[in-house]
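Dear colleague,

Please find below the structure I am handing over to you, together with its sequence.

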Amino acid sequence: MITYTPLWETMKDRGVSQYKLIKEFNFSAGQLSRLRKNAYVSTHTVEVLCKILDCDVSDIMRYEKDSI
């Protein structure tokens, strides 16, 4: 499973709130909702976040094995 848990810490470290993403960077509230739910987002969305936050993909998401 892909988790976006690292994103929230990266945003905190960079001083970028969800509100700021929406208002200042015109980021989609719908995409933020998908990220909060660890749902699918495109690589384009991940790229946009990397540009906004000036970070690497690993600062946005990580893979975690599902327990079977």
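The protein chain exposes about 4,700 Å², of which carbon and sulfur atoms supply 51%; accessible areas come from the Shrake-Rupley method with a 1.4 Å probe, and for residues only the protein chains shown count as cover. Please note that this is a predicted model, in which local features need pLDDT of at least 70 and side-chain atom pairs count only at pLDDT 80 or more, while totals for chains, interfaces and linings use all residues. Residues are numbered from 1 along each chain as its sequence is written, and side-chain values use heavy atoms, with hydrogens and water left out.

Overall fold

The protein chain has 4 helices and 2 strands, taken as DSSP runs numbered from the N terminus (helices: H or I, at least four residues; strands: E, at least two). Read from the N terminus, these elements follow the order β-α-α-α-α-β. With a radius of gyration of 12 Å, close to the 11 Å that the globule rule gives for 68 residues, the chain is as compact as a globular protein of that length. Here the radius is taken over C-alpha atoms, and the rule is 2.2 Å times the number of residues to the power 0.38. The C-alpha trace spans about 40 × 20 × 20 Å along its principal axes.

Of the 68 residues, 29% count as buried (buried is under 20% relative accessible area, exposed over 50%, partly exposed in between; 1.4 Å probe, protein chains only). Among contacts (heavy atoms within 4.5 Å) between residues at least 6 apart in sequence, 62% join residues at least 24 apart.

Charges and salt bridges

The chain carries 10 positive and 9 negative charges, whose mean positions are 7 Å apart. Lys and Arg count as positive and Asp and Glu as negative, without His and the chain ends; each charge is placed at NZ of Lys, CZ of Arg, CG of Asp or CD of Glu.

The structure holds 2 salt bridges (a side-chain nitrogen of Lys or Arg within 4 Å of a carboxyl oxygen of Asp or Glu). One joins Lys51 and Glu47 at 3.4 Å, N to O. These two residues are separated by about one helical turn, because they lie 4 residues apart in helix α4 (residues 43-53). Lys51 is exposed, at 62% relative accessible area, whereas Glu47 is partly exposed, at 41%.

Another salt bridge links Arg62 with Glu64, their closest N and O atoms being 3.0 Å apart. Arg62 is partly exposed at 38%, and Glu64 is partly exposed at 29%.

With kind regards
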